[in-house]
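Here are a few exercises to work through with the viewer open. Try each task yourself before reading the solution under it.

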Amino acid sequence: MHRTSVIRRVVPAMAVVALAATGCTAQAVGADAPSAPPATAGTPSPAADGTKPSATPSSRTSPSESPDASASPRKKVLMAEGTENEQVRELQARLRQAGHFHRSPTSFYGSMTAKAVSSFQRKQNLPVTGTVDEATWRSLAGATRTPTADELRPPTTNELDAPDARCMTGRVLCISKESRTLAWMIDGKVVSAMDVRFGSVNTPTREGIFKVDRKERTWKSTLYHSDMPYSMFFSRGQAVHYSSDFAARGYNGGSHGCVNVRDKEKLAALFDQVKVGDKVVVHW
């Protein structure tokens, strides 16, 4: 009986250790940090292909309705927390023009976008809801111009630092903890770049030279049960992957060791270019 009891205690512990190498996800910085909202698909905005957007976007992008903060009857909500589409990217670019959004557009409507919308609404004497209805969209469209391609998809919010010497040859994911950037480099030239964030103090992202040992276009962490799209694993369970939490809350959160990317479209394009065996350098 004593031996059986010991085995029963040891087996679950071994199972937890095995799961630890299968993936990571976002964790909040501070106990009161909110969780990221689920992403939803939508209809791309006309401005994404260079055409002038309508002052009233299609209602197909967000079929839900929500009551206005101070008025009745209920007003249709065009965009709100959890929406993820090209119309949100345009919204963020326009808010940035107006001085209410201070980062690159990501196409994900999270808490930072909601705060920027509330700030704009307050300045325009509109009901402060944090969601975009037709009146808010018309006001924003009238106060800004059609975003350029560079405004919709700037190279990166964070400025790239000088590449590590180990990144100057071959095909390399050059990841800097100092500038919080990922640069995809081929033979010393930067092909694309994007913002990243890393693990917390308790679950740090490992530094050094690695290689991409496997790729998973869709993946769910078996340890934290969260989605990790476009995962490129490079150090046991640590991977470069898209994070909706990073897209929603920026650097108010962190991962459990993975390298989080907040621009899903950029990472999707990078995922198609990177090959298993390509070098990964994580450095300060």
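A disulfide here is a pair of cysteine sulfur atoms within 2.5 Å. Everything below comes from a predicted model, where local features need pLDDT of at least 70, side-chain atom pairs count only at pLDDT 80 or more, and totals for chains, interfaces and linings use all residues. Residues are numbered from 1 along each chain as its sequence is written, and side-chain values use heavy atoms, with hydrogens and water left out.

**Exercise 1. The disulfide**

Find how many disulfides the rule gives, and work out the handedness of the link between cysteine 167 and cysteine 174.

Solution. 
- Step 1: apply the cut-off, and the count is one disulfide.
- Step 2: check the pair. The sulfur atoms of cysteine 167 and cysteine 174 sit 2.1 Å apart.
- Step 3: look down the S-S bond. The angle about it is 80°, and the link of cysteine 167 and cysteine 174 is right-handed.
- Step 4: ask about burial. Buried means under 20% relative accessible area, exposed means over 50%, and partly exposed is in between (1.4 Å probe, protein chains only). Cysteine 167 has 0% relative accessibility, so it counts as buried. Cysteine 174 is buried too, at 5%.

**Exercise 2. Around the disulfide**

Solution. 
- Step 1: Helices (H or I, at least four residues) and strands (E, at least two) are DSSP runs, numbered from the N terminus. Methionine 168 belongs to the loop between helix H5 (149-152) and strand S5 (171-176).
- Step 2: classify methionine 168. Its relative accessibility is 36%, so it counts as partly exposed.
- Step 3: list contacts, meaning heavy atoms within 4.5 Å.
- Step 4: zoom in on one partner. Methionine 185 is 17 residues from methionine 168 along the chain, and their C-alpha atoms are 7.6 Å apart.
- Step 5: move to histidine 283, in strand S14 (residues 279-283). Histidine 283 is buried because its relative accessibility is 4%.

**Exercise 3. A helix pair**

How do the axes of H3 and helix H4 (residues 134-143) cross?

Solution. 
- Step 1: get the geometry. Axes are lines fitted to C-alpha atoms, for helices over the stretch in contact, and angles run from 0 to 180 degrees between N-to-C directions. The axes of H3 and H4 come within 11 Å and cross at roughly 80°.
- Step 2: name the arrangement. Angles under 35 degrees count as roughly parallel, over 145 as roughly antiparallel, 65 to 115 as roughly perpendicular and the rest as oblique. H3 and H4 are therefore roughly perpendicular.
- Step 3: see who makes the contact. H3 supplies Val117, Phe120 and Gln121, while H4 brings Thr136, Ser139, Leu140 and Ala143.
- Step 4: inspect a further H3 residue. Threonine 113 lies in H3 (residues 111-123) and counts as buried, at 2% relative accessibility. Neighbours within four places aside, threonine 113 contacts Leu91, Gln92, Leu95, Phe101 and Phe108.

**Exercise 4. The nonpolar cores**

Which residues have the most contacts inside the largest nonpolar core?

Solution. 
- Step 1: define the set. A nonpolar core is a set of buried Ala, Val, Leu, Ile, Met, Phe, Trp, Tyr and Cys residues joined through side-chain atoms within 4.5 Å.
- Step 2: read off the answer. The largest core has 26 residues, and Ile175, Val240, Leu267 and Leu270 have the most contacts inside it.
- Step 3: find the main contributor. Helix H7 (residues 264-273) gives the largest share of this core, four residues.
- Step 4: look for a second one. Apart from that core lies another, of 15 residues, including Leu91, Leu95, Phe120 and Trp137.
- Step 5: follow valine 240. Among its contacts beyond four places in sequence are Ile175, Tyr230 and Leu267.

**Exercise 5. Positive phi**

Is tyrosine 230 buried or exposed, and what about arginine 236?

Solution. 
- Step 1: note the backbone. Tyrosine 230 has a positive phi of about 55° although it is not a glycine, and arginine 236 likewise has a positive phi of about 55°.
- Step 2: compare surroundings. Tyrosine 230 is buried, at 16% relative accessibility, whereas arginine 236 is exposed, at 56%.
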